[in-house]
Amino acid sequence: MLLTITTTMSQATDLGFLLHKHPDRVQRFEQSYGTAHVFYPDAEEGRCTAALLLDVDPVQLVRTRGRGTPDFSLGQYVNDRPYAASSLLASAMANVFRTAMRGRCDLRPELAETPVPLEIVLPALPCRGGPGQAERFFAPLGWDVSAVPVPLDPDFPEWGDSRYVTLTLTGTLRLADALNQLYVLLPVLDDAKHYWMAPDEVDKLIRAGEGWLAAHPDRGAITRRYLANRRSLVQSALGRLADAEDASDEELDPVEVEEEEAAAEDGRAEAPEEAPEEAPVSLAELRLRSVVQALHDEDARRVIDLGCGSGKLMARLAKDEFFSEISGSDVSYRALGHATRRLRLDKQPRRENDRVQDVFQGALTYADDRFRGYEAAVLMEVIEHVDPPRLGAVERVVFGHAAPRVVVVTTPNAEHNVRYEGLAPGAMRHPDHRFEWTRPEFRAWADRVAAEHGYRVRHVPVGDEDPEVGAPTQMGVFTR
């Protein structure tokens, strides 16, 4: 099976730096089911193509297939896995291009963060649902999609088309984003995986889907297919996506299981569970409601959202006539672009009575006079993204320099993580979290900060409170 990645950016051979694979060498990487080869059929300054060729050993492949695989006995001898792009190719990508998928390029760090022109070609991709399915999943991510059906036999056109397509994706994206999207969507389009679905697949999905999956209009269908319709894993993944990512305003997608996977090795199917009549309210939504209520309770009408992300809280505040002045700040220019579009600041002329005043770039570790002058500041799911040695600087900037009358802080409750199926023991909910606190740890931090800066603090659980491990989110409301 073959994957090619082509770029026409200036100094196109810098693709080798991004992939961490030298254009002048052919490299091979042994996999549990065969050998992956990386080479460059074209390496010129104006155009460069990298190819990943996966040579599958059918004998090794049989040894990796579990008895839970559909049609296990026949599938050992008759299958398309050596020839068609699938989860095998996705696994090989994760092994061969691991550093590139993480967005790291020590020699060209600015290039790793820059969208570049890309053309990605997969000559044979299983596509359950037909060519339109590829368009449905890839087009919202900014790709121009060409999915040409492969005929069953060109000599007998009356036989019709196979379930395979030749997929060509053209667009301008960060290479890391492109690779992670392929990693998730190849097995999703195939709607099959070559290995048993373990709970840690949720972690893999959250990590690879960072920055794009939560906002995808078909995130529910993608999540279900990626996790083989395992209801508990799908619910956990959708909950974590809505929790960790600044997702859309809708509540969690209802989990509709397309097919129940065989539960036991003897092939007996697990009885399907009753589908819920209505989707539960997401933790992200409950958190928004709690923050807004806290601001109402403290009669704080002029608010700045520090670490505003894509502006979800600001949009909620702007719909509430209680608030008279709303601003937001974030360190990420990309997030501010989303916030500007969400709040329609780029589409309508500003009026003197607009409640949303400004969104601007700023770092919470540096004193900034633009943070001052508000009745309340909100840090909603922000502090856990700060490296612990720099947390003291954030405390001084927010509680010392800006010093609003009210500060609202929310952060995950690490004790509750054991309730997330698919989250490995000791792992954090999001790959960008630098720490996650237990309830006693957060209480100790909040009490210390309040005492040092002249505040008092009350603690509010957010979400359903588990009798053993508490609520999933903890909130501190500081008043000066």
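## Close-up views of a predicted model

**View 1. Two parallel strands, E8 and E9.** Strand E8 (residues 302-306) runs parallel to strand E9 (residues 325-330), and five bridges join the two. Arg302 sits opposite Glu325 in E9. Two strands count as paired if DSSP finds at least two bridges between them. This is a predicted model, where local features need pLDDT of at least 70, side-chain atom pairs count only at pLDDT 80 or more, and totals for chains, interfaces and linings use all residues. Residues are numbered from 1 along each chain as its sequence is written, and side-chain values use heavy atoms, with hydrogens and water left out.

**View 2. The whole seven-stranded sheet.** Step back from E8 and you'll find an open sheet of seven strands with mixed pairing, in the order E10-E9-E8-E11-E12-E14-E13. Strand E10 (356-361) and strand E13 (456-462) are the edges: each has a single partner strand, so one side of each has no neighbour in the sheet. On average, neighbouring strands of this sheet are turned by 15° against each other, direction ignored.

**View 3. Strand E11, covered on both sides.** How many residues of E11 are buried? Five of the five are, so E11 is largely enclosed by the rest of the structure. "Buried" means under 20% relative accessible area, "exposed" means over 50%, and "partly exposed" is in between (1.4 Å probe, protein chains only). Ala376, Val378 and Met380 point one way from E11, Ala377 and Leu379 point the other way, and all are buried. E8 and E11 run parallel and are joined by three bridges, with Val378 in E11 as the bridge partner of Asp305. E11 also pairs with E12 in the parallel sense, over five bridges; there, Met380 has Thr410 in E12 as its bridge partner.

**View 4. Strand E14 and its two partners.** Seven of the seven residues of E14 are buried, which leaves the strand mostly covered. Both faces are covered: Thr473, Met475, Val477 and Thr479 are on one side, while Gln474, Gly476 and Phe478 are on the other. E12 and E14 pair in the antiparallel sense over seven bridges, and E13 and E14 also pair in the antiparallel sense over seven bridges. Look for Phe478 in E14: Val407 stands opposite Phe478, and Val457 stands opposite Phe478 too.

**View 5. Helix H16 across the sheet.** Helix H16 (residues 439-453) lies across strand E12 (406-412), E13 and strand E14 (473-479), and runs at about 155° to E13. Axes are lines fitted to C-alpha atoms (for helices, over the stretch in contact), and angles run from 0 to 180 degrees between N-to-C directions.

**View 6. Helices H8 and H10 crossing.** Helix H8 (residues 175-190) packs against helix H10 (residues 219-226) at an angle of about 75°, with their axes 8 Å apart. That makes H8 roughly perpendicular to H10, a label used for angles of 65 to 115 degrees (under 35 is roughly parallel, over 145 roughly antiparallel, and the rest oblique). Tyr183, Val184, Leu185, Pro187, Val188 and Leu189 in H8 meet Ile222, Arg225 and Tyr226 in H10, where contact means heavy atoms within 4.5 Å. The residues of this contact of H8 with H10 divide into eight nonpolar, no polar and one charged. Ala, Val, Leu, Ile, Met, Phe, Trp, Tyr, Cys and Pro count as nonpolar, Asp, Glu, Lys and Arg as charged, and the others, Gly among them, as polar.

**View 7. Two loop residues with positive phi.** Most residues other than glycine have a negative phi. Glu381 has a positive phi, near 55°, and lies in the loop between strand E11 (376-380) and helix H15 (391-402). Glu381 is buried, at 14% relative accessible area. Ala403 has a positive phi as well, near 45°, in the loop between H15 and E12. With a relative accessible area of 24%, Ala403 is partly exposed.

**View 8. Where to read with care.** The chain has a mean pLDDT (the predictor's confidence in each residue, from 0 to 100) of 84, and 84% of its residues reach 70 or more. Over residues 66-75, the pLDDT is below 50. Residues 246-277 also stay under 50. Where pLDDT is low, the predicted coordinates should not be read in detail.

Technical notes
Helices (H or I, at least four residues) and strands (E, at least two) are DSSP runs, numbered from the N terminus.
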